[in-house]
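Morning, everyone. Please look at the model first.

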Amino acid sequence: MRAALGIDSGIVETTAHARAAMELVPDATFVLDIGGQDMKALWIKNGMVSNAILNEACSSGCGSFIEGTAHSLRLSPHAFNDAALTSEHPVDLGTKCTVFMSSRVKHAQKIGASVNDLAAGIAYSVVKNALFRIIGAERIDTLGSKIVVQGGTFKSDAALRAFEKVCGVEAIRPESAHLMGTIGAALIARERAHDAMGKADGNLDAAPRSTMISARELESLSVERFSSRCPGCSNACLLAIADFGNGRRFISGNKCSSANDFEFSRNEEPKTRAAEAAAIEGRKPTPRPHQAPNAIAVEQHLLQSVESVVQGGARGTRSIGIMNCFETYEYTPFWRALFAELGFSVIMPDDARGASLEQAALATVPAEGACFPAKIAHMRAFDLMNAGADVIFMPHFNRIGRCAVSCEYADALADAVPAFEQGEVRLSRPHLSSFKVARIVKDEDDLSTLFSEVGSFCPDGAPLSREEFDHALKKALASQREFFDTVARANEKVIDWLAKDAQRHAIVVAGRPYHTDPRLMRGIDTMLTKLGFAILCPTSSDAWATRRPHDPNCPPWKPGKHLARLARFAAENAQVDLVCLQSFGCGYDALSLEDARDILEAAGKPFTALKIDDLSDKAHLNIRLRTLAEGIESMSRRGKSGQGLLAASLKEREHTIGRSGASTLATVSHVEKERAASKNATGNAGVAEASGREFERIPNVMSEGISAVDAQVAQRQVPGDVCFTAAALIARSLQIVEKNPQVRALHIPLVCNRCLLDGLAHTIWRLNGSCPDIIEEERWPRPIEKPATPKEEGIGRVLVGIVGNPLLCFDALMNDSILKLLERLGCNVAMPDPDKLFCEDVRYLDQLDEFSRKGVDCVIYLQSFGCMKAHVHARGFAHEFARRYPDMPITVIDYDSESSALNRENRIRLAVEAAQRTKRER
């Protein structure tokens, strides 16, 4: 459009919507725009967009859903709106995607819900989808006092009232709510025209002319389409060119911006644009300005340069495929050098080579909710097998303070991929204490494990000696050090580039180390450099965002601590901002991002978090990054930056960052603050030495079970990607400390080991400011509901076992009263032994073995939606379950307050019917 009509400039839609809102409400604090296909949530501070969130993954649940449902009920949208306003009992349709909401609409119709109640329920569901799934219910309190709602959806009075009732606020809806984006763009265009006139001192002849075509030119507008190869680089992209005449062309199909440097004509070779213009004007071509340095591009180039190698000799006949994903990604140079030094042939994954195998690979992913990095692991495993790897190397790492998926996913691959499960290709997964190779080489147990594993790869006649192994380790360590040193120099180059000009700006792209993988990064770093930013690349060995001696106000897991350090680095440096990357569906990332948000907002910096998924559309990423760029530019114009230029040398920077008192942020533990206050008030330092009687008075989080109110609190205050179990316990704990602020400790059943519950105390502190001690107990704290006395077994009556997270197994609200459902279906129920569920291994093999001995006919495994350990050890163990218990099928059911209970019930019914059929056939 810009090329065709000669439009002078563009503006990102988020800024246009915010500008229009501020024209009508100058002190607006928040803008929510819900259109037919998208949503935009904009936080406004100091007259600029400080944060923006869009519906990145799906366009469902927007205004088009209201219109479509109205038509299906043979009503106009206006009549549908009027019906909703007279509802007395709105139907709860949830906040999931349109598919789930549509099924709930049909179910509600079957049970006799009125059109009025359906219409009101849909208005609520669209609003709740925006608030709870896009914005995050825990952030409703941050919307401020002047909330503007706009977009075509809010032309509906029902949608407006639903928003106000859910949020408990009075919102401002402009009369032209559906036109606000257009109005904002017009206002900005006028301001830019006035600025241009101001620079020309009001002289119309000196002012720049608009390039917009005239009405007559519009009538005769035509386009010539042709294709050409771009000569800008070795990619030689095939370009689709639309030529509108007078030098206005639109080019697509290019993978980089090099095509913009050339002039293309049909049936002629491309010419360099700068050289052609210079020849016409009789001058020398002006050299193209250098782009801002990009340290992530340097890292990506280094890792992509780690190539496969074919070697001779006995060991060269063995090809080792290296899985460069998850925690091994940035340590690829070490593992490749190790195996190459030992004489093995090495095969590295090639995403382009394996593209044809991706669908087959994705079919083996055991859980639909698995993150995109997990899906990439399947793709690369298939590529390596197809490339002829005899052994595929993917270690299993101890996950102390880390995600089960990133450290242990080799276990899921071993069961889910048929070639591994059937022994056609060997998957090597030695258990190592750390993914950091510098630690591995200092740990004798790790060295022994690795030596034994690598030795088993050697063919007969070519045994591996320890001396040879140690020599290869030194070479591999040197290769890894060279990699880290090169990335460090690239980061130094960025910081030196900033130091030369106070107007320059850099972005720290922060996430897991493997998020810089090009398949995951999805060109985010390139988008940022096109916007004029330099890019800093965090690694496990970075020196410019070092760990503080006392940095306790961080989540207990290590990636969260690293993210908090990077956020502090950005908060303390005026020329640096942060863009966070989050794996879609990752609870660790969801909680860690909240700490980074707090740090940045306390420093007056914008917060931007992008979800990493497998969607090909990058439009939402571009919008978010352009919004960030315009916000930073606005801050720079207003002079609201913080502490000046970065120090010129790395040594000075480390001194500045590391000195005590350098940060305005607290460095005293929130636990220490709370206890100090308590000690000053009561003279008692804590509850660690409480007497037996005092210990008994400490409330147990699960003494009364999870209530519907707890579920609502979880929905409103806990980040959306946190698993159902952890969210429920966080909400129950918040309820207790809010009702009784004097509570100084809580008993909690340790229903999940070494996972999100490790951060319970920290999360309570973030959400409430309280800091109770958490006393974990490996027992269920109250009587367990027992099934009805089993009746005599008749034909088809089956015994159903229940297993899974203790909270799901024993709390009726959490499991939709599954015990009563099974009894209604005519089943006898075998309840699990609580002692067998309080364990790290969520396969619960001891309990399943006992069920098998009792003759249980089928098992319902209750899994918390979003449980990362279950992705690896439950769904990732499906084939092994089938082999181990051939006569006891296991059905895994995901539980979540927002998903359809009816769908869960139907799956349970199918499992029971299958077990009844099998029993009759026997």
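Start with a charge. The charged end of Lys611 sits over the ring of Phe584, 4.9 Å from the ring's centre. "Over a ring" means NZ of Lys or CZ of Arg within 6 Å of the ring centre and within 35 degrees of the ring normal. Arg466 does this too: it lies over the face of Phe451, 5.7 Å from the ring centre.

A word on the source. This is a predicted model, where local features need pLDDT of at least 70, side-chain atom pairs count only at pLDDT 80 or more, and totals for chains, interfaces and linings use all residues. Residues are numbered from 1 along each chain as its sequence is written, and side-chain values use heavy atoms, with hydrogens and water left out.

Now ring pairs. Rings of Phe, Tyr and Trp (its six-membered ring) pair if their centres lie within 6.5 Å; planes under 30 degrees apart are stacked, over 60 edge-to-face, the rest tilted. How many aromatic pairs does this rule give? The count is 18.

Take Phe30 and Trp43. Their centres are 5.1 Å apart and their planes at 65°, so this pair is edge-to-face. Phe30 is in strand E1 and Trp43 in strand E2, so the pair ties together parts 13 residues apart in sequence. Strands here are DSSP runs of E, at least two residues; helices are runs of H or I, at least four; both are numbered from the N terminus. Phe30 and Trp43 are buried, meaning under 20% relative accessible area (1.4 Å probe, protein chains only; exposed is over 50%, partly exposed in between).

Next, Tyr331 and Phe484. With centres 5.7 Å apart and planes at 85°, the pair is edge-to-face, so the angle decides the label. Both residues are buried.

Last, a cluster: ring pairs link Phe334, Trp335, Phe339, Phe344, Phe393 and Phe457.
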